[in-house]
Amino acid sequence: MLIEAFSEAKNPAAPHANEDQIVILPGRAYAVIDGVTDRLGTRYQGMLSGQYAAVTVKRALEHMLSAPEARMDGIAVVHALTAEIAAAYKAFGTAEKVLTDWNLRLSAALALVLVQAETVDVILVGDSGVRINGEHILRMEKDLDLITSILRRQAWPVIGQKTSDPEKQELVSRRVTWHGTRQPLDAVADTLDADDMALIESRAIAANREALPHVALADIENLVRGGIVNAQGGYQNNGSLQLGYPCIDGFEVPQHMIRIERFPRSEVRTVEIYSDGYFKPGDGFGVAAWEKAFDEAEREDPAKVLLYSSPKGSTSSHWADDRTYLAVKF
């Protein structure tokens, strides 16, 4: 067996702030956990909420799955991880607050591979991915993320008309995506005015309607106007909504939102697990191939507004997101 792994924080100068985590239990379980970026700066035991969520899930997985009598069942594992996050809320005295304020929640995406006697099971909760045998990619794409990415793409040229500083352009575009087009203008008043924001809103709604004709206009308007902070949380683990998406956050993950795929163990040669900081897959197995693909994406579209869609781009000092890759060759 060969195992390769790599992880880097969005700020390479602050590796301790990486919100991704890796689980390696050789011959039993492998996982990449992507903590959801904190929206308010809330800290738990000195860690931002996304990082604390990822660490909590990592520890719980390692404890559960390393036991000889471990129940290697994807649904049961997700339920147990949910209970761990719920217990953290009680420990921190926030169990009541998180019922109504989704920005305070501890949240993480999970890509888990369980090696069974006869099968290799892939469990996905969120938008991290798994590639089997170098060709079969399993990943849960979210229209919701595409809406906010299109919002940023439409904001980008409007902001570019007001500043020639690429760092400023990135900062303001993130602010628009993060807080939406109906946010108070104080934070962006040195770059954008009310007319600029109205233009961004109209363009973003039109572009999203064209790209996502199957999505209700009300949901597009909600996400464009409210942004990630003010609108996205209402869709988290909400199985009744078209744009509902799964996440391990201490609240029930609807079972139909948990993706589980099973492969005959004898047919699985390689497993690669990765977080969404990689915008294109490697052309082969291993860290070197995936880092080569990462470097290519950064050269091709560092701002992530041309070839790749993202609510945030890279700058001279920060990558767009934390990235993690874990590969196993049997």
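Helices H1 and H2 pack with their axes 10 Å apart, at an angle of about 130 degrees. The axes are lines fitted to C-alpha atoms, for helices over the stretch in contact, and the angles run from 0 to 180 degrees between N-to-C directions. Helices here are DSSP runs of H or I with at least four residues, strands are runs of E with at least two, and both are numbered from the N terminus. H1 and H2 are therefore oblique to each other; under 35 degrees would count as roughly parallel, over 145 as roughly antiparallel, 65 to 115 as roughly perpendicular, and the rest is oblique.

This is a predicted model, in which local features need pLDDT of at least 70 and side-chain atom pairs count only at pLDDT 80 or more, while totals for chains, interfaces and linings use all residues. Residues are numbered from 1 along each chain as its sequence is written, and side-chain values use heavy atoms, with hydrogens and water left out.

From H1, the contact is made by Tyr52, Ala53, Thr56, Val57, Ala60, Leu61, Met64 and Leu65. From H2, the residues are Val77, Ala80, Leu81, Glu84, Ile85, Ala88 and Phe92. Contact means heavy atoms within 4.5 Å.

Take Ile85 in helix H2. At 0% relative accessibility, Ile85 counts as buried. The cut-offs are under 20% relative accessible area for buried, over 50% for exposed and partly exposed in between, with a 1.4 Å probe and protein chains only. What does Ile85 contact, leaving aside its neighbours within four places in sequence? The partners are Ala53, Thr56, Val57, Leu106, Ile248, Asp249 and Gly250. Ala54 is 31 residues from Ile85 in sequence, and the two are 10.0 Å apart in space, C-alpha to C-alpha.

Next, the cores. A nonpolar core is a set of buried Ala, Val, Leu, Ile, Met, Phe, Trp, Tyr and Cys residues joined through side-chain atoms within 4.5 Å. The largest one has 37 residues, and Leu61, Leu65, Leu110 and Leu112 touch the most other members. At least two core residues come from each of strand S2 (20–25), strand S3 (29–35), helix H1 (49–66), helix H2 (74–92), strand S6 (108–115) and strand S7 (119–125). H1 gives the largest share, 8 residues. Not counting residues up to four places away in sequence, Leu112 touches Ala29, Tyr30, Ala31, Leu61, Leu65, Val77, Asp121, Val122 and Ile123. There is a second, separate core of 24 residues, including Ile159, Val176, Ile205 and Tyr245.

Now S7. Why is S7 described as largely enclosed by the rest of the structure? Because 7 of the 7 residues of S7 are buried. Both faces are covered, with Thr119, Asp121, Ile123 and Val125 on one side and Val120, Val122 and Leu124 on the other. S7 pairs with S6 in the antiparallel sense over 6 bridges, where pairing requires that DSSP finds at least two bridges between two strands. S6 and S7 form a hairpin with 3 residues between them, and Val115 has Val120 as its bridge partner in S7. S7 also pairs with strand S10 (residues 259–264), antiparallel and over 6 bridges. In S10, Phe263 is the bridge partner of Val120.

There is also an open sheet of 5 strands, ordered S1-S12-S11-S8-S9 with antiparallel pairing. Strand S1 (2–8) and strand S9 (136–139) are the edge strands, each pairing on one side only. Within this sheet, strand S8 (residues 129–132) and strand S11 (residues 270–274) run antiparallel and are joined by 4 bridges. Val130 has Ile273 as its bridge partner in S11.

Last, backbone geometry. Most residues other than glycine have a negative phi. Asn133, in the loop between S8 and S9, has a positive phi of about 55 degrees. At 18% relative accessibility, Asn133 counts as buried. Lys304, in the loop between helix H8 (287–300) and strand S12 (323–329), has a positive phi of about 60 degrees. Lys304 is buried too, with a relative accessible area of 1%.
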